[in-house]
Amino acid sequence: EPIIVAVPSKCRSRSMNWDSVYRDCILQNDSRNDQIATIAKTCTENGLRTISFVNQSDGHGVPLLERYLGFAKEAVLVTGGGEVRILRGGEVVKESWDIKDVAAYVEGNDSVPVIATPVFDEGVSIPSFKAGVLGGGMKKPRKVLQRLGRGLRKSEEGREVFWMFDFTDKGHPYTEKHWKDRASIYRRERIKIVGPDDFPYDIRW
């Protein structure tokens, strides 16, 4: 059962150029990126295998990876080229790994958070995650549903609740509309939307 957790977040950009807005409000929004890392930390520490979705590897995935290594001994970044970087203590211990090997690696390492770029939108088989973070924003319905579906793959023990965190991104008309578009998708698909206080574990912002 999927449940969307709508996280209040703010966007500060005076530009009406989308590339600039996306940079200011998503890629380089330190407050929002800290929120993403805090969510991943909370989920990981409570035994929820977690995947965070971004749209850019170097522009967003790498900065988040650095944050994740602040609480996790290892973290995985799947790049848009289908390659994998596994970092342990800030050092790359595996690189250019075939993406098909990610499933087996993560299945045996619940405490290793994963950051995934759009390569995961192409039907790559991955393990069942229990929590996800839509860190990249955007509004495309197909992409939203595909990314949500990544956490809903049936596992041998059956399906539990899958928590997907999304951001309201208030403060700019573009990002606010994108959130409203995604929320309408969730409602159309009859997916429950709740606030952070409804998540069973305390998120220490």
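Me: Is Cys 25 buried or exposed?
Reply: Buried means under 20% relative accessible area and exposed over 50%, with partly exposed in between (1.4 Å probe, protein chains only). The relative accessibility of Cys 25 is 1%, so Cys 25 counts as buried.

Me: On what basis are such values given, and what kind of model is this?
Reply: Residues are numbered from 1 along each chain as its sequence is written, and side-chain values use heavy atoms, with hydrogens and water left out. Local features need pLDDT of at least 70, side-chain atom pairs count only at pLDDT 80 or more, and totals for chains, interfaces and linings use all residues, for this is a predicted model.

Me: Which residue does a disulfide join to Cys 11?
Reply: A disulfide is a pair of cysteine sulfur atoms within 2.5 Å. The count by this rule comes to one disulfide. With an S to S distance of 1.6 Å, Cys 11 is joined to Cys 25.

Me: How many residues apart in sequence are the parts that this pair ties together?
Reply: Helices (H or I, at least four residues) and strands (E, at least two) are DSSP runs, numbered from the N terminus. Cys 11 lies in the loop between β1 (2-7) and α1 (18-27), and Cys 25 lies in helix α1, so the parts tied together are apart in sequence by 14 residues.

Me: Why are α2 and α3 oblique to each other?
Reply: Angles under 35 degrees count as roughly parallel, over 145 as roughly antiparallel, 65 to 115 as roughly perpendicular and the rest as oblique. Axes are lines fitted to C-alpha atoms, for helices over the stretch in contact, and angles run from 0 to 180 degrees between N-to-C directions. The axes of α2 (residues 30-45) and α3 (residues 57-68) come within 10 Å and cross at roughly 55°. The two helices are therefore oblique.
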